[in-house]
Every structure is written in structure tokens, then in C-alpha cells.
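Reader: Please take a close look at one part of this model, the interface between the two chains. I would like one connected account of what makes up the contact.

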Amino acid sequence: MGDKVLKKDTFKIANKIFKSRLIVGTGKYKNFKETAAAVKASGAEIVTVAVRRVNILDKKKPVLMDYLDPKKIIYLPNTAGCFNSEDALRTLRLAREMGGWKMVKLEVLGDKKTLFPNMIETIKSTKVLVKEGFKVLVYCSDDPLLAKKLEDVGASAIMPLASPIGSGLGIQNKVNLSLIIKQSKVPVIVDAGIGTASDAVIAMELGCDGVLVNSAIAKSKEPTLMANSLKNAVISGRQSFLAGRMEKEYFGSASSPTKGLI
Amino acid sequence: MAKIQLNGKKVSIKQKLSVFDLIKKHKLDDSKVAVELNGVIIAKKKYKEKLIKNNDKIEIVHFIGGG
């Protein structure tokens with residue numbers, strides 16, 4: 001029975017099926033070797049990447065693509081660091097030109113301290129990108145109404161924050177996340193705030209379609225081990241969600257039968 | 001010589017250098033970068049025909065680690 005449930009369980013973003021429900025970021029690592037090892041251990045099929053100026057003065061500097069082959073792993077270009085629609089659009093158009101990337105992560109920030117998204121600019125940008133043929137995975141606040149608005153304007157996935165980016169504060173608003181999950185017809189991927197495996201399990205048990213993790217892995221003492229831990233957490237949380245948890249009771253209920261008690 | 005702004009830095013380059021020449025000059029792999037010339041993205045197939053002029057502003061970007 002359980003196998004059947006698992007077989008039917010597919011994770012689809014923009015009509016593409018993925019095996020892993022864990023997406024990992026590639027920032028904050030000590031070096032590219034560590035990044036590559038952690039990505040491998042995570043089992044992720046999609047990694048987020050940022051678009052930045054080439055260092056024209058240092059010609060020997062290693063580049064990310066030498067360590068993570070974009071033919072073997074899907075790059076999800078992001079707009080991290082963009083505070084308005086114009087910059088975000090420019091960044092993603094450049095990313096597309098680099099090699100045809102159409103699936104992108106939109107992130108328009110509104111506040112330097114909390115890194116909360118500017119949802120007005122985010123919605124505006126989503127509309128333009130969808131029109132230009134992009135498949136847009138959108139980092140957003142956990143407001144169900146705004147999440148619905150993003151879906152209405154054509155977002156390929158809704159990515160609400162669990163808590164501020166890089167904070168590791170975990171799932172702070174289960175109710176809002178649940179409401180977003182219940183109403184959404186596109187995948188809901190918790191992005192930002194995951195601090196450790198249990199946070200990812202909670203997100204997946206709520207019914208999220210996936211989670212995106214960067215800092216929890218990169219800032220742990222053993223990134224490769226933490227990457228593997230998060231891989232297991234996401235699988236574990238998903239399986240619990242599919243299995244359906246038991247009802248909670250206020251009193252004890254013996255697991256051993258009382259019949260035949262000596 | 002042509003004076004241009006490359007990735008925010010003022011540099012001098014030879015006259016009639018193409019975008020392709022500029023990429024090669026900096027030992028970059030054209031499949032791993034994207035180029036913007038005066039705010040307009042240049043398609044990869046146009047790198048050879050697009051010549052750089054005095055006062056041009058060029059941005060060459062690539063992917064780096066990010067979350």
C-alpha cells in the first residue's frame with residue numbers, strides 16, 4: 001500500500017517532474033569544493049545561483065560552473081540583492097542569455113535588515129516575466145492573499161518564507177503556511193528560514209511540496225553531513241504527510257491489549 | 001585607444017575590438033557569461049559583429065554561489 005502512495009507522489013514544477021523535493025542554495029560556502037560536495041550529498045536536482053559581475057582583474061579565479069556542471073544539475077538563477085523590479089528583470093534576462101535558463105527564482109527585497117520581500121514589486125515583476133516566457137518561482141511573504149495573487153498572475157511556484165532569509169529561525173507561522181498550501185494549485189516551496197532538519201520535517205509535514213535550503217547547510221559545522229540530513233528530513237516529512245498522522249488524544253491509550261492480562 | 005567602462009571600472013582597449021575579442025582578452029568562456037552593452041543585452045551570436053566604441057559601458061556577468 002505504502003509503495004503505491006509513494007509511486008503516485010510526484011513533484012512537478014512548470015510541467016517538469018523532479019525526484020528530490022529539496023532545492024539547495026550555493027551561497028555562503030567556504031569554497032566551491034565544499035559547495036559541490038554538499039550539493040551532491042543533498043541529492044538536490046535544482047540549485048539556486050546568483051548573477052554577478054565577472055572579476056575582470058583576477059583571471060585565474062575558479063568559477064562555479066567548473067564545480068557544478070549545469071548540464072547535470074539544474075541552475076535556478078535568482079535575483080538576490082535586487083530591491084526593485086527593474087534590477088530583478090535585468091538580472092534574470094541576463095541569466096537567460098547566459099544559457100537559456102527559463103526557470104528562475106524571483107526575489108525582490110524590500111528591507112535590508114529583515115530581507116522581507118517587497119511584494120508590490122514582486123507581483124509586478126512576476127507579471128512581466130511570465131509574459132516573457134519565464135517559469136517563475138517566487139520568493140514571497142507568508143500572506144495567503146498575496147500568495148494567491150502571485151498564482152493568479154502566473155507564478156510557477158509559490159515560495160513563502162518560514163522566517164527571515166539566513167536566520168535559521170525555522171517555521172514561525174504554521175497557520176499561514178498551511179493556508180497557502182491548502183489554497184495553492186501550484187507547488188508551495190518553503191524558502192528561507194530553515195535552520196536544521198526538524199524545520200524541514202515540519203514544513204513537509206504541513207504539506208509543502210518542497211523546501212529550499214542554503215544557510216542551514218552552508219553554515220553548519222559539517223555541510224556535507226547537514227546536506228544529507230536535510231535530504232532525509234525532506235523525505236521523512238513528506239512520507240509522514242502522505243501517511244497521515246494519528247489523531248491526538250488527551251489521555252493515555254495503552255498499546256498492549258488488556259485481554260489475557262495475568 | 002577606446003576608453004570604456006567595464007564592470008564599473010574605467011579601462012582602455014584597442015579600437016574596433018568586438019565583444020568577442022573583449023571576452024577572449026579576459027580569458028573568459030563565452031558560454032559561461034552574459035554581456036550587456038550600454039544597458040542592452042547582447043545575444044551570444046552577435047558577439048563577433050558587435051564592436052566596442054569609445055565611452056561604451058559594458059557589463060560581463062556570470063553565475064556565482066547564491067541562495
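Author: A salt bridge here is a side-chain nitrogen of Lys or Arg within 4 Å of a carboxyl oxygen of Asp or Glu. By that rule, three salt bridges cross the interface of chain B and chain A in this predicted model. One of them joins Glu36(B) to Arg90(A), with 2.4 Å between the closest N and O atoms.

On the side of chain B that touches chain A, at least two residues come from each of β3 (34-37), β4 (40-42) and β5 (57-65) of chain B. The largest share is that of β5(B), which gives seven residues. By type, this side of chain B consists of 12 nonpolar, eight polar and six charged residues.

As for extent, 30 residues of chain A and 26 residues of chain B make up the contact. Together the two chains bury about 2,600 Å², and carbon and sulfur atoms account for 66% of that area. Of the area that chain B buries against chain A, 29% comes from His62(B), Phe63(B) and Gly67(B), more than from any other three residues.

Conventions:
Residues numbered from 1 in each chain as written. Chains lettered and ligands numbered in written order. Predicted model: local features only at pLDDT ≥ 70, side-chain atom pairs only at ≥ 80, totals over all residues. Heavy atoms only, no water. Contact = heavy atoms within 4.5 Å. Buried area = accessible area lost by both parts, 1.4 Å probe. Helix = DSSP H or I, 4+ residues; strand = E, 2+ residues; numbered from the N terminus. Nonpolar A, V, L, I, M, F, W, Y, C, P; charged D, E, K, R; others polar.
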